[in-house]
Amino acid sequence: MVTQKGSTLDRILYWLDERLGIYGHTLRQAPRYPYSIDYWLGGFVLASLIFEIITGALTALYYTPSDPYTSTTYLISQVPYGALLFSLHSWGAYVMIFAMLVHITRNFIVGAYRPPREFMWIVGTLLAGLTLTEAYLGYSLPYNLISWVATTTGLNLFGYMPFNLGYLISLFTIVNPNQPGIMSGVDPLVQRFFVFHWIVGGLLVAVVGLHLYIFEKHGITPPVSEVKPGAPELIDEYQDKLKSDYRWELQPLIRSIGMVVMIFLLTFGIIFFIASMIPFDISVSGTVLKYVKPEYNPINAAQAPPLPDWYFLFIYFFYKAIDPSSASIIFLGWVAVTVLFPFIDAYVFRHKAPHPGLRPAAVSLGTGFIIAFIVNTIWAEETPGQEIGTIGLVVDAIIFIACFAVLWPLLRYVVQPRVLAKMSSSPFRDGGIMTIKPEKRVLSGALVLSMNLFILGTLIYSLYQALTIPMTSLANQFIIGQYIGLSMIMFSLSIFLNVVIGYGKR
């Protein structure tokens, strides 16, 4: 453990460490360089998950699987703050999925899947699969026409999965209509999906715990520009820089705690603000709130084209392009390459460093994945109920070929020599130690004071509005939600300015 002087709170934390093992055990101290948002993208995913657990539990109090649509409309139109709660839970799922995709993309770019973090990447892809499964189940629960048509269509398509996966899915999703307790008029699968929604949520929490454990074991990834080919990729192996490089100086734990609290408040505030400004599938007409999606019924379902939510469109694309059996194989191949990417990078491409310029084949393949994902999603969105045909796969193939044709030679013969030359000129190349002077302060004292006053004033005003707006109309809950979101955002900015940045100064 590194002994440091600090605030009273720091001394309290060190005191607890001697008895409970906080520093270097439960939470690791971080150096200075990772205190930027890109290093903390996983925190947005975690914050969104906790937000979803809280709002999901509150929503479940009013949800009745035997009459799902009516209980949904009742929550929105009759329960105080019910419409806001529904909007928060729905938008929270979108924020979580979006943050997860950005987090995965960033980790791919910086090579955070490389040894010894292969299993951390695998666990992360498992979390992505569980998150999409959870979203799929939750999307179906309001039992509106669009969601249930997409849900049942997806189940039928997944029935074509090879290796008996389709049969396994059917065992969990086919319900005997003569089963005791089944009510007429509502698909009995809703009850089962509601139970699965909680089971998958529990699995998510458990796997997140494993993911965090592995993260604390290996620590934060070093900057890609500092890891030379064949060099270790753990902070613990950079003792020279930890002792002499300003950017690598270990920080008090309170700074990391401030960053975590800031991220949680910022995430919650953003979700509150979006969900209040744009109510999810809810129309506000004067004092009347109405759920805009029609209820599912078999007659209207026959006329409605199946259209899954945006995060499943890239899968739906394959089933619109070719027969379901072949599409299932392509989808499973896509999943397999994603899960095994660390080993493909290490043993097929044989890349030796995480810098993108030193991973030309991996970056070319990954970029093809990203572009194809975006193209497939937009294409499926723009062609509801229409077959795409094999032209879709041809376009995907062209995307991958173009990525390799352009990126691989560019990275291999233009970028890579420059990166290696820059690395060879590092002051630490021969084991030498160079003390790097601290960076100058970016913000002046007067500017910090002005920003604090603005944040404090906005925070007080928004809290006052949130607490004093009367609930004389159900529509007011969205105005209150906007002020609550603004309060959380301002509070998070205050923590960032005074704790995260403040503790970064010498």
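Reply: Start with helices. Helices (H or I, at least four residues) and strands (E, at least two) are DSSP runs, numbered from the N terminus. The expected span of a helix is 1.5 Å times one less than its number of residues. This is a predicted model, where local features need pLDDT of at least 70, side-chain atom pairs count only at pLDDT 80 or more, and totals for chains, interfaces and linings use all residues. Residues are numbered from 1 along each chain as its sequence is written, and side-chain values use heavy atoms, with hydrogens and water left out.

Me: How do you know that the reach of α8 is close to the expected one?

Reply: α8 has 30 residues, and 44 Å is expected at 1.5 Å a residue. From first C-alpha to last, α8 reaches 42 Å. That is close to the expected value. Just after α8 comes G219, with a positive phi of about 80°.

Me: What makes α10 mostly covered?

Reply: The count of buried residues. Buried means under 20% relative accessible area, exposed over 50%, and partly exposed in between (1.4 Å probe, protein chains only). In α10, 18 of the 25 residues are buried. The helix runs over residues 253-277 and reaches 36 Å, close to the 36 Å expected.

Me: Why are α5 and α8 called roughly antiparallel?

Reply: Because angles over 145 degrees count as roughly antiparallel, under 35 as roughly parallel, 65 to 115 as roughly perpendicular and the rest as oblique. Axes are lines fitted to C-alpha atoms, for helices over the stretch in contact, and angles run from 0 to 180 degrees between N-to-C directions. α5 and α8 pack at about 160°, with their axes 9 Å apart. The pair is therefore roughly antiparallel.

Me: Which hand does the crossing of α5 and α8 have, and which residue classes make up the contact?

Reply: The crossing is left-handed. That label applies if the near helix is turned anticlockwise from the far one by less than a right angle; clockwise gives right-handed. The contact of α5 with α8 has 18 nonpolar, eight polar and one charged residues. Ala, Val, Leu, Ile, Met, Phe, Trp, Tyr, Cys and Pro count as nonpolar, Asp, Glu, Lys and Arg as charged, and the others, Gly among them, as polar.

Me: What makes D345 and R114 a salt bridge?

Reply: The distance between their side chains. A salt bridge is a side-chain nitrogen of Lys or Arg within 4 Å of a carboxyl oxygen of Asp or Glu. For D345 and R114, N to O is 3.1 Å. The pair qualifies as a salt bridge. D345 lies in helix α14 and R114 in the loop between α4 and α5, so the bridge ties together parts 231 residues apart in sequence. A search of the whole structure finds eight salt bridges.

Me: Why do D345 and R114 count as buried?

Reply: D345 has 1% relative accessibility, so it counts as buried. R114 has 6%, so it counts as buried too.

Me: Which salt bridges join E226, K241, D245 and R247 into one network?

Reply: Among them are two with stated distances. K241 meets E226 with the closest N and O atoms 2.3 Å apart. K241 is in helix α9, and E226 is in the loop between α8 and α9, 15 residues away. Both K241 and E226 are buried. R247 meets D245 at 2.9 Å, closest N to O. Salt bridges that share partners join the four residues into one network.

Me: Are R247 and D245 buried, partly exposed or exposed?

Reply: R247 has a relative accessible area of 32%, so it is partly exposed. D245, at 2%, counts as buried.

Me: What makes the backbone at P116, D281 and R350 worth a look?

Reply: Most residues other than glycine have a negative phi, and most peptide bonds are trans. A cis peptide bond joins P115 and P116, with omega about 5°. P116 lies in the loop between α4 and α5. D281 is not a glycine, yet its phi is positive, about 55°. D281 sits in the loop between α10 and β1. R350 is also a residue other than glycine, with phi near 60°. R350 lies in the loop between α14 and α15.

Me: How do you know that R350 is exposed?

Reply: R350 has a relative accessible area of 56%, so it is exposed.
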